Amino acid sequence: MTSPTIKLNNGVEIPLIGLGTWQSAPNEVAKAVEFALKDGYRHIDCAWSYDNEEEVGRGIKASGVPREEIFITSKLWSTYHSRVEENLNDTLKKLGTDYLDLYLMHWPVPLNPNGNHYKFPTLPNGLRDVVKSWSLADTWKQMEKVLKDGRVKAIGVSNFSQLKLEEILPTAEIIPVVNQLELHLWNPQHNLLAYLSSKGIIPQAYSPLGSSNSPLLTDETAVAMSKKYNVDVASVLIVAKKVVALPKSVTPSRISSNLKGAIDFAKNIDKADLEILDAVAANGKQKRFIMPPWPVPLGFDNWRDPAW
């Protein structure tokens with residue numbers, strides 16, 4: 001069984017369910033990627049900052065699935081906003097491919113490329129070393145260039161609020177095809193999704209199952225829905241309704257059930273039950289799990305107190 005696809009605003013088809021690789025432990029991610037591809041996945045979500053792209057590349061090669069059948073996403077890291085091509089080249093080398101299907105700006109926060117850490121440079125006061133003079137619009141221009149050069153087939157963003165999108169859209173020649181966000185039962189971000197729809201930008205859900213040891217898996221509404229439709233709770237949480245979902249697992253049985261169960265559930269769930277799931281957060285469950293200490297305002301609702 002393979003995932004259904006959805007068409008991006010540039011005509012490229014993207015599988016609605018992909019394998020996430022964030023926080024996959026060393027020596028596990030290659031086997032997870034290999035198994036997922038052999039089991040029917042055709043979408044792998046990576047990032048330079050995950051520090052495991054070489055392993056992901058080994059898993060892709062070991063799967064035996066032809067490169068042209070796999071949709072590979074990676075992400076530009078924050079210390080490379082002024083050096084997009086350099087970061088892309090390193091990602092391509094590590095993955096062992098000469099192109100990406102999708103390249104995203106990981107966070108709308110440019111960090112000092114010459115700071116005291118390769119990923120998270122800090123100031124003497126401990127705050128992350130943000131280059132506040134750098135424009136996200138300039139990063140996007142470089143993203144557009146690597147697209148035009150042909151080494152990526154589509155470009156998008158990640159962790160962008162409406163506020164941050166409006167920093168790049170007025171001067172953008174190419175509209176982002178996706179915005180990858182923390183989207184799940186307790187953080188549905190309905191207003192932002194409506195804005196994305198108005199711009200033709202497809203939302204992607206990272207961590208659709210929540211965090212490690214997630215309380216989402218025991219949410220009473222999700223549990224009740226899983227019993228009603230005879231699927232596991234993870235399948236309910238992944239629900240692919242024009243949102244690209246990227247569940248992460250390194251366990252073969254879970255990797256398999258995340259794909260097959262979610263596809264079956266999405267086919268069978270009725271509109272009234274979708275509305276029940278959509279209302280869970282508003283009924284007292286709203287919660288984010290991913291809130292890095294960026295010392296700049298990101299413009300999201302329900303974010304923690306600022307780190308400055």
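Trainee: What kind of link do the side chains of Asp45 and Lys75 meet in?
Mentor: They meet in a salt bridge, 2.8 Å from N to O. Salt bridge here means a side-chain nitrogen of Lys or Arg within 4 Å of a carboxyl oxygen of Asp or Glu. Before we go on: this is a predicted model, where local features need pLDDT of at least 70 and side-chain atom pairs count only at pLDDT 80 or more, while totals for chains, interfaces and linings use all residues. Residues are numbered from 1 along each chain as its sequence is written, and side-chain values use heavy atoms, leaving out hydrogens and water.

Trainee: Is Asp45 buried or exposed?
Mentor: Asp45 is buried, at 3% relative accessibility, and Lys75 is buried too, at 1%. Buried means under 20% relative accessible area, exposed over 50%, and partly exposed in between, using a 1.4 Å probe and protein chains only.

Trainee: How many salt bridges are there in the whole structure?
Mentor: A search finds 19. One of them joins Arg42 and Glu69, with the closest N and O atoms 3.8 Å apart. Arg42 is in the loop between α1 and β4 and Glu69 in the loop between α2 and β5, so the pair ties together parts 27 residues apart in sequence. Those labels come from DSSP runs numbered from the N terminus: helices are H or I with at least four residues, strands are E with at least two.

Trainee: New topic! Which residues of helix α6 are buried?
Mentor: Leu192, Tyr195 and Leu196. Seen down the axis of α6, they fall within an arc of 100°, so they line one face of the helix. That arc is taken from the directions from the helix axis to the C-beta atoms.

Trainee: And what's on the face turned away from that buried side?
Mentor: The exposed residues Asn191, Ser197 and Ser198.

Trainee: What do the buried residues of α6 pack against?
Mentor: They pack against α5, β8 and β9, where contact means heavy atoms within 4.5 Å.

Trainee: Which residues touch the most other members of the largest nonpolar core?
Mentor: Tyr103, Leu165 and Phe265, in a core of 81 residues. A nonpolar core is a set of buried Ala, Val, Leu, Ile, Met, Phe, Trp, Tyr and Cys residues joined through side-chain atoms within 4.5 Å. There's also a second, separate core of 13 residues, including Leu8 and Phe71.
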